[in-house]
Amino acid sequence: MTDEELKEQVVLALKGVYDPEIPVDVYELGLIYDIKIFPVNNVYILMTLTSPSCPSAGSIPAEIEEKVRAIEGVNDVSVELTFDPPYSTELMSEVAKLELGFM
């Protein structure tokens with residue numbers, strides 16, 4: 001599997017992770033800032049949450065790591081949480097904006 005194919009699989013896995021308070025996946029919400037594939041299929045994900053006091057701060061990154069680690073061929077997964085830049089609804093995809101009534 002090429003790096004690009006693996007990245008596509010990672011995105012598909014991320015689309016299966018939801019913020020329990022919002023009926024939209026973390027990818028479409030814009031919570032994923034970066035996905036990098038390093039040699040030997042090591043995956044790095046830089047993400048944020050909707051707020052620093054999000055009650056799911058422990059569970060969402062853990063679920064992301066679990067789902068990405070389950071992808072065949074993935075060697076290791078690192079999920080880094082950041083609040084810089086702060087989350088904004090402007091980061092949401094058009095799909096998420098439609099689902100949540102922002103459009």
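Guide: Helices (H or I, at least four residues) and strands (E, at least two) are DSSP runs, numbered from the N terminus. This is a predicted model, in which local features need pLDDT of at least 70, side-chain atom pairs count only at pLDDT 80 or more, and totals for chains, interfaces and linings use all residues. Residues are numbered from 1 along each chain as its sequence is written, and side-chain values use heavy atoms, with hydrogens and water left out.

Visitor: How many bridges join S2 to S3?

Guide: In general, strands of a sheet pair through backbone hydrogen bonds, either parallel or antiparallel. Two strands count as paired if DSSP finds at least two bridges between them. Here S2 and S3 (residues 76-81) run parallel and are joined by six bridges. Tyr44 stands opposite Ser78 of S3.

Visitor: In what order do the strands of the open sheet lie?

Guide: The order is S1-S2-S3, with mixed pairing. S1 (32-38) and S3 each have a single partner strand, so one side of each is left without a neighbour in the sheet.

Visitor: Which strands does helix H3 touch?

Guide: Contact means heavy atoms within 4.5 Å. H3 packs on the sheet and touches S1, S2 and S3.

Visitor: Is Ser56 buried or exposed?

Guide: Buried means under 20% relative accessible area, exposed over 50%, and partly exposed in between (1.4 Å probe, protein chains only). Ser56 has a relative accessible area of 7%, so Ser56 is buried. Ser56 is found in the loop between S2 (42-47) and H3 (59-69).

Methods:
Axes fitted to C-alpha atoms, helices over the stretch in contact; angles between N-to-C directions.
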